[in-house]
Amino acid sequence: MTDLNNPIFQDKDKAREHLEALRWPNGAICPHCGNADPAKIRALQGKSHRPGLYQCAACREQFTVTVGTVFERSKIPLNKWLLATHLMAASKKGISAHQLHRMLGVTYKTAWFMAHRIREAMKDDSSDGPMGGEGKTVEADETYFGTKEGPAPTMTTSGRPFLKSGKATHKRAVVALVERGGSVRMFHVDKANRDSVRDILVRNVSRDTTLYTDESRLYTITGREYREHHTVKHSAGEYVRGVVHTNTIENVFSVFKRGMKGVYQHCSEKHLHRYLAEFGFRYNNRVGLKVSDWERSDRILKRIEGKRLTYRRTDEAAHA
Ligand SMILES: [Zn+2]
């Protein structure tokens, strides 16, 4: 177990120094104008300044290490932010806001907002290139869990009455792509159908990829757009045929569902994409890729910048 008595979790100055070292390995960078010249950035010292305040000589603005990050303007001491980040990084199935509230000594509501900001930092970088490529294999699959919000429809998308046993009952749909030996990307879709699945595939997976799916008709047509497309017939009890299987993605779904059921329990549908980002991040920075809990946590801290604006649009930022 991680040493939660580490000074960076106890002392806000130690926490700030840790974050500065991670974000600014070559010295402070001005978040206002981008100036990174150490000769033109001065640490403000003395009684009238709080520790960690800098002034940029190029644009004359002042800043700290949290300006422009998901931690900006928070009243929560930075050591508590680092502890929350570490706990979320190290908990395989996630950690509830109730648990964070108890461990951090902050209100439940504050813990909830902190967790969502940390999930923002865990989100994929939109500049990540396509998955797969020549000689690479990507598994694609969809899963259903929980209950969709709003009234249950009486007809399916194809106009037939709903059957309880069918996959298209009133559940939330998630489509996922995972590259063998690589990363996962997960998407919440209103409906998993041929169009939504194709849209996700072509936007994320290189056409030179070998695609593995189950026999679902969702993938039949778009599968032809890929170098190779192999399927296993789950309905016929076939799960593995040599290298053709979707076990990698089934395992990702399994961890996700156990976490959503056992830890998070109540998640409104509009926040589902954040939980997907959280589980995806942990998978993509997993022990199997030799990423320790500390390294995983530090990787989140390196990604806290530049996401605050996105977050603000959800009008929840003012609470933590
Ligand atoms: Zn500046």
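What follows is a chat about the reasoning behind a few labels in this predicted model.

Trainee: What makes C30, C33, C56 and C59 the protein donors of the zinc ion?
Mentor: Distance. A donor is an N, O or S atom within 2.8 Å of the metal here. The SG atoms of those four cysteines lie 2.3 to 2.4 Å from the zinc ion, so they count as donors.

Trainee: And why is the arrangement around the zinc ion called tetrahedral?
Mentor: Four donors get that name if all angles lie between 85 and 135 degrees. The angles around this zinc ion run from 105 to 115°, so the label is tetrahedral. For reference, the ideal angle for four tetrahedral donors is 109.5 degrees.

Trainee: Which spacing do the donors follow along the chain?
Mentor: The pattern is C-x2-C-x22-C-x2-C.

Trainee: Why does T246 count as buried?
Mentor: Buried means under 20% relative accessible area. T246 comes in at 0%, so it counts as buried. You'll find T246 in the loop between β10 and α8. Leaving out residues up to four places away in sequence, T246 touches E139, A140, D141, Y212, T213, D214, H234 and Y239.

Trainee: What about G133, why does that one count as buried?
Mentor: The value for G133 is 10%, and the cut-off is under 20%, so G133 counts as buried. G133 lies in the loop between α5 and β4.

Trainee: How do you know how α3 and α5 pack?
Mentor: Two packed helices are described by the angle between their axes and the distance between the axes. For α3 and α5 that's about 65°, with axes 10 Å apart. The crossing is right-handed. On the α3 side the contact includes W81 and M88, and on the α5 side I118 and M122 are among the residues involved. The contact residues divide into eight nonpolar, one polar and three charged.

Trainee: And zooming out, how many helices and strands does the protein have?
Mentor: There are 11 helices and 10 strands. Of the 320 residues, 48% are buried.

Note on methods
Residues numbered from 1 in each chain as written. Predicted model: local features only at pLDDT ≥ 70, side-chain atom pairs only at ≥ 80, totals over all residues. Heavy atoms only, no water. Donors = N, O, S within 2.8 Å, 3.2 Å for Na, K, Ca; no water. Tetrahedral: all angles 85-135°; square planar, octahedral: opposite > 155°, others 65-115°. Axes fitted to C-alpha atoms, helices over the stretch in contact; angles between N-to-C directions. Helix = DSSP H or I, 4+ residues; strand = E, 2+ residues; numbered from the N terminus. Left-handed = near helix turned anticlockwise from the far one by under 90°. Contact = heavy atoms within 4.5 Å. Nonpolar A, V, L, I, M, F, W, Y, C, P; charged D, E, K, R; others polar. Buried < 20%, exposed > 50% of the residue type's maximum accessible area, 1.4 Å probe, protein only.
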